[in-house]
Amino acid sequence: MTYTFPLPENESERLLALEDYDILDTLPEQAYDDIARLAAFICGVDKAMIAFLDAERKWHKARYNIAAEEVPRGFAICSRTIMGSEPLIVPDTLEDSRVKDIGMVTHPPHVRFYAGVPLIDDAGMVLGTLCAVDTRPQTISEEQTRALTALGNQVMQLLRLRKSLKVLEARERQLYESRQRLDSANSELRRLTLTDELTGLNNRRAFNSELSQEIHHAGIRETPLSLLVIDIDHFKILNDNRGHSFGDQVLIRVAELLQQRVRHQDFCARYGGEEFVILLPDTPLQGALKLAEACRQSIEENAFDGEQLTISIGVAEYKGQTAEALFDSADKALLDAKRQGRNCIVSGSATSSTTGQVTVTAPAPNPQKD
């Protein structure tokens, strides 16, 4: 059955305001239920409800002794209440021409008494009603009407609080998302600052920072620390003969092979040009020499596009010196490796030297610490 109902002049604005409170179809809440129960008590009736009216229906946020969660808007006396700003008190609905033909009166629950106050927001929009009803005619006093109006004001206070919390939650979400974007941007900036664009390895800046930290830790904890400085042999000739693009691919391939050989705690970086470095925490010289040889063999055994690649490696162990001194020791060892014919490993103390064919060393290296 279809029931006609009047529309406020500001119906479109009213519906937008109601939507802004995000109250429709929400779960029951004790605060609203308590107000509905109190409204029934104040008016001396056994039924009361807090209702909001959208375009087609009257939806009950709270209901006391009312079974239906919603009814068609034209079925409800509240469709008349929201037309004004004053309470609508109807002692006997059958005697009142404004409501006697409304569905709630002519059909179950056959309402005979109605007392409703409009729920008005700060912009003057009537969102719904707080109403008390009975199946018997009766009257209420002005004091009871004022009390019912006061309860309606409390409903609006709850709605304002809900709206404020909604705004606050939205702002918190925006703030969280802004922080996430900022953190992401900072992480990307840090990555770009500390990463070699070509190979994806750490860059020189990242290595210098890591070297200082590891020197500090090794000094405090009295743990071993070693450093490899690596250079691709005859890279300039290769670059000149095959072109810079090919040279870049060689750098990428060497970086991949070195990265495959290091442990998760090791720090591998491109220092610049064709030079790489590997920092080995908790690793003494003999363990570093073993890893260096594994890296050297890996490069030698993997020809790239018909080109035989080899590397020279300088190795140094931390003995309490500064970061600069440790690097200089490994770098000088690298120069010695180049002087000895390349494709070999020389330690900073000049006590160990290995080539692809011959190993000349003091006692044989112990296995590297895992």
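This is a predicted model: local features need pLDDT of at least 70, side-chain atom pairs count only at pLDDT 80 or more; totals for chains, interfaces and linings use all residues.
**Helices, a buried threonine and some backbone angles**

Let me begin with helix 8 (residues 244–261) and helix 9 (residues 285–300), whose axes come within 10 Å and cross at roughly 140 degrees; here helices are DSSP runs of H or I with at least four residues, strands are runs of E with at least two, and both are numbered from the N terminus. The axes are lines fitted to C-alpha atoms over the stretch in contact, with angles running from 0 to 180 degrees between N-to-C directions. On the helix 8 side the contact (heavy atoms within 4.5 Å) is made by V254, L257, L258 and R261, and on the helix 9 side by L291, A294, C295, S298 and I299.

Residues are numbered from 1 along each chain as its sequence is written, and side-chain values use heavy atoms, leaving out hydrogens and water.

Next, where does T129 sit? T129 belongs to strand 6 (residues 126–134), and T129 counts as buried because its relative accessible area is 0%, buried being under 20%, exposed over 50% and partly exposed in between, with a 1.4 Å probe and protein chains only. Leaving aside neighbours within four places in sequence, T129 is in contact with residues including M49, C78 and Y114.

Finally, the backbone. Most residues other than glycine have a negative phi, and most peptide bonds are trans. The peptide bond from P108 to P109, however, is cis, with omega near 20 degrees, while R342 has a positive phi, near 70 degrees.
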